[in-house]
Amino acid sequence: MIHAPRYETTSADPATVDRETWLRERAALLAREKAHTREGDAIAAARRRLPMTEIDNVTVVGSKGPVSLLDAFEGRDQLIVLQHMWFAGKPYEDQCRGCTGTIWNFHDATYLEARGVTFAVLCEGPYEELAPYREFMGYTHKWYSAADVDDPTFPDEALVCLAHRGDRIFLTYQTDGRGVEVMMPALKLLDLTAYGRQEDWEDSPQGWPQDPSQSWFMRDGRPIPQWTRPGVTPIAARTGSNCCVAES
């Protein structure tokens, strides 16, 4: 599906300067970026010093039926789970655009596994619904249903980091909202471009193209990754949405 470039709909452009001026402006921004990187390192160091708290070894449902959360570690010391929203009984195109964008941007956990970390998706929906959806989307991560799990450890669209010691499981970190953007390199790459994400919450110059937050995650009635799947067709536009939209 071909869409017109955004620059054809706006007359706004960054200022044009000579190379020397550009290098000077870039150097000033680079100093701020490096300070930001060092602050991120300091925050990560503090994160590594967080205490942990024990949680229940709840039962989830996977491809082989009910299993314990401990089983989901698959023999590794740590587990990261993404809590995926689910609208029971709804068709694929009505599933959460935000969760779709998050998980689509992360297809392979090989490097995590090399450091003793398992990655899995913990979905709110019943396994009999999410299993064919996982196959339709071509996902290779392990998916588990948490439809019967009532535990504040796993809020809507959150990233949760766990560790186990023997048969005891501990919560070491949890984030939601824009915290899950760590899984979305496409957004971080857009942040490097002249027009950014082109969302209306961004502080951009006058005339920059902007749309409501995450509205561009949908195209012709579907979350945009679904257009990579065989045989999909446009869906009539719907009004309203009960999908997650991360705060700015």
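I began with charges over rings in this predicted model, and found the charged end of Arg47 over the ring of Tyr173, 5.0 Å from its centre. I then noted a further case, in which the charged end of Arg222 sits over the ring of Trp227, with 6.0 Å to the ring centre.

Next I turned to the aromatic pairs, for which I recorded a count of 10. I looked at Tyr92 and Tyr133, whose rings form an edge-to-face pair with 5.3 Å from centre to centre and 65° between the planes. I placed Tyr92 in the loop between β4 (78-84) and α2 (97-104) and Tyr133 in helix α4 (residues 127-137), so this pair ties together parts that are 41 residues apart in sequence. I checked the accessibility of both partners: Tyr92 is partly exposed, at a relative accessible area of 26%, whereas Tyr133 is buried, at 0%.

I located both Tyr195 and Trp208 in the loop between α5 (185-190) and β9 (218-219), 13 residues apart. For Tyr195 I noted a relative accessibility of 14%, which counts as buried, and for Trp208 I wrote down a relative accessible area of 12%, again buried.

Terms used:
Residues are numbered from 1 along each chain as its sequence is written. This is a predicted model: local features need pLDDT of at least 70, side-chain atom pairs count only at pLDDT 80 or more; totals for chains, interfaces and linings use all residues. Side-chain values use heavy atoms; hydrogens and water are left out. Rings of Phe, Tyr and Trp (its six-membered ring) pair if their centres lie within 6.5 Å; planes under 30 degrees apart count as stacked, over 60 as edge-to-face and the rest as tilted. Helices (H or I, at least four residues) and strands (E, at least two) are DSSP runs, numbered from the N terminus. Buried means under 20% relative accessible area, exposed over 50%, partly exposed in between (1.4 Å probe, protein chains only). A charge sits over a ring if NZ of Lys or CZ of Arg is within 6 Å of the ring centre and within 35 degrees of the ring normal.
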